[in-house]
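Here is a short tour of one protein chain for you to follow alongside the coordinates. Please keep the viewer open as you read.

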Amino acid sequence: MKTKKIPSRICVGCREPKEKKSMVRIVKTAENVICLDETGKMNGRGAYICKNVKCLQRAIQSKGLERSLKTGIPEDVMNLLKEEMSAVETR
């Protein structure tokens, strides 16, 4: 009997592979809106990050998030992402 392969993704912040379910996806939609995708099913270009603010900050500082989404990220959007990530982290 075959075992089911567990999907993994690499965190844009810490660059470590982890289970897809244990991460949060950040999406750039076709309308160029950047937001958190907790379902992992939104349409658009995505980047995966661990569920903690430190990895998000690392991804922002290293410009890894901007490279993954292939766009510049405005300061107000970054602040909104940090707030949303803090809420996710505490769950």
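A residue is called buried when its relative accessible area is under 20% and exposed when it is over 50%, with partly exposed in between. The buried residues of α3 are V77, M78, L81, M85 and V88. Viewed down the axis of α3, these buried residues fall within an arc of 95 degrees, so they line one face of the helix. They pack against β3, β4, β5, α1 and α2.

Do bear in mind that this is a predicted model. The chain has an average pLDDT of 92, and 99% of the residues score at least 70. Confidence is lowest in α3, with a mean of 89, and highest in β1, at 96. The length of α3 can be checked too: at 1.5 Å a residue, its 16 residues should span 22 Å, and its end C-alpha atoms lie 23 Å apart, which agrees.

**The core**

Which residues have the most contacts inside the largest nonpolar core? They are I26, I49, L56, L65 and L81, in a core of 25 residues. At least two residues of this core come from each of β3 (23–28), β4 (34–37), β5 (45–50), α1 (53–61), α2 (64–69) and α3 (75–90). In soluble globular proteins, nonpolar side chains tend to be buried together.

**One salt bridge**

How many salt bridges does a search of the whole structure find? The search finds one. It joins the side chains of R25 and D37, at 3.0 Å from N to O. The partners come from distant parts of the chain, with R25 in strand β3 and D37 in strand β4, twelve residues apart. Both R25 and D37 are buried. Side chains of opposite charge can pair when their charged atoms come close.

**Two partly exposed residues**

R9 lies in strand β1 (residues 8–10), while K20 sits in the loop between β2 (17–19) and β3. R9 counts as partly exposed because its relative accessible area is 30%, and K20 is partly exposed at 30% relative accessibility. Not counting residues up to four places away in sequence, R9 touches E16, P17, K18, K20, M23 and Y48. With neighbours within four places likewise left aside, K20 is in contact with P7, S8, R9 and Y48.

The table sets out a C-alpha to C-alpha distance for each of these two residues.

| Pair | Separation in sequence | C-alpha to C-alpha distance |
|---|---|---|
| R9 and L36 | 27 residues | 16 Å |
| K20 and S8 | twelve residues | 4.8 Å |

Note on methods: Residues are numbered from 1 along each chain as its sequence is written. This is a predicted model: local features need pLDDT of at least 70, side-chain atom pairs count only at pLDDT 80 or more; totals for chains, interfaces and linings use all residues. Side-chain values use heavy atoms; hydrogens and water are left out. A nonpolar core is a set of buried Ala, Val, Leu, Ile, Met, Phe, Trp, Tyr and Cys residues joined through side-chain atoms within 4.5 Å. Buried means under 20% relative accessible area, exposed over 50%, partly exposed in between (1.4 Å probe, protein chains only). Helices (H or I, at least four residues) and strands (E, at least two) are DSSP runs, numbered from the N terminus. A salt bridge is a side-chain nitrogen of Lys or Arg within 4 Å of a carboxyl oxygen of Asp or Glu. Contact means heavy atoms within 4.5 Å. The expected span of a helix is 1.5 Å times one less than its number of residues. The arc is that of the directions from the helix axis to the C-beta atoms. pLDDT is the predictor's confidence in each residue, from 0 to 100.
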